[in-house]
Each structure stands twice: as C-alpha cells, then as structure tokens.
Amino acid sequence: PIIQMNINGLYNVLQKWGFIIRGGYVDIVVHKPVESKNLKKEDSTILMKKVREIIISQHKLELDESKC
C-alpha cells in the first residue's frame, strides 16, 4: 500500500534556500493507505489521481477550518 502523508507548516521552520531549521511547529497528517497490491503499470494514472485527490482534500479541509 501507499501511505500518503501531508506535512503542513514547513515554510515556518525551513529557510527558503537553505537547510537551516528554525524552531516551530509542523502538522503531519497520515492518511489511510491506498491499496496498490494488484495494480498494473497501466493503472498508474488511476493511482496518481487517487493520491492527488487525497492531497487536495486535505488542503480543502485546512481552508475550511481556517474560515472558522
């Protein structure tokens, strides 16, 4: 299976063009696994769409929560 993770807030702790880490908080969201056991090479587009939908749904959730 593929385990999709979103790491939010890295822009607060990493410099734009460097590897120096500043203090701060990040949120790590671990999503439900996406099954890939019986997929074939031809299914890569379907898999890519599923993973993309997970990423987009997380961003929409964050936007909705920020409006509260």
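Let's start with His 31 and Asn 6. Their side chains make a polar contact at 3.0 Å. A polar contact here is a pair of N or O atoms within 3.5 Å; within protein, one must be able to donate a hydrogen and the other to accept it, and residues adjacent in sequence count only if both atoms are side-chain atoms.

A word on the source. This is a predicted model, where local features need pLDDT of at least 70, side-chain atom pairs count only at pLDDT 80 or more, and totals for chains, interfaces and linings use all residues. Residues are numbered from 1 along each chain as its sequence is written, and side-chain values use heavy atoms, with hydrogens and water left out.

Back to His 31. Where does His 31 sit? His 31 is in the loop between β2 and α2, and α2 spans 44-66. Is His 31 buried or exposed? His 31 counts as buried, because its relative accessibility is 16%. Buried means under 20% relative accessible area, exposed over 50%, and partly exposed in between, with a 1.4 Å probe and protein chains only.

Now its contacts. Contact means heavy atoms within 4.5 Å. Leaving aside neighbours within four places in sequence, His 31 is in contact with Ile 3, Gln 4, Met 5, Asn 6, Ile 54 and Gln 58.

Take Gln 4 from that list. Gln 4 lies in the segment before β1. Gln 4 counts as buried, because its relative accessibility is 11%. Not counting residues up to four places away in sequence, Gln 4 touches Val 29, Val 30, His 31, Val 51, Ile 54 and Ile 55.

Next, the overall layout. The protein chain has two helices and two strands. The order along the sequence is β-α-β-α. Helices (H or I, at least four residues) and strands (E, at least two) are DSSP runs, numbered from the N terminus.

How do the strands run? β1 and β2 are antiparallel, joined by four bridges. Two strands pair if DSSP finds at least two bridges between them. Asn 6 stands opposite Val 29 in β2.

β1 has two faces. Asn 6 and Asn 8 point to one face and are buried.

Ile 3, Met 5, Ile 7, Leu 10, Leu 14, Ile 21, Val 26, Ile 28 and Val 30 make a nonpolar patch of about 790 Å². Such a patch joins nonpolar side chains (Val, Leu, Ile, Met, Phe, Trp, Tyr) within 5 Å, from residues with over 30% relative accessible area and no salt bridge. A salt bridge is a side-chain nitrogen of Lys or Arg within 4 Å of a carboxyl oxygen of Asp or Glu. β1 (5-8) and β2 (27-30) each supply at least two residues of the patch. One of the patch residues, Ile 28, is found in strand β2. Ile 28 counts as exposed, because its relative accessibility is 51%.

On to the helices. Tyr 11 is in helix α1, residues 10-13. Tyr 11 is exposed, because its relative accessible area is 66%. Ser 57 lies in helix α2. Ser 57 is partly exposed, because its relative accessible area is 41%. A polar atom of the Ser 57 side chain lies 2.8 Å from the backbone oxygen of Ile 54.

Last, the chain totals. Of the 68 residues, 16% count as buried. Among contacts with a separation of 6 or more, 49% come from residues 24 or more positions apart.

Terms used. Patch = residues over 30% accessible without salt bridge, like charges linked within 9 Å, V, L, I, M, F, W, Y side chains within 5 Å. Areas by Shrake-Rupley, 256 points an atom, 1.4 Å probe, with all protein chains shown as cover.
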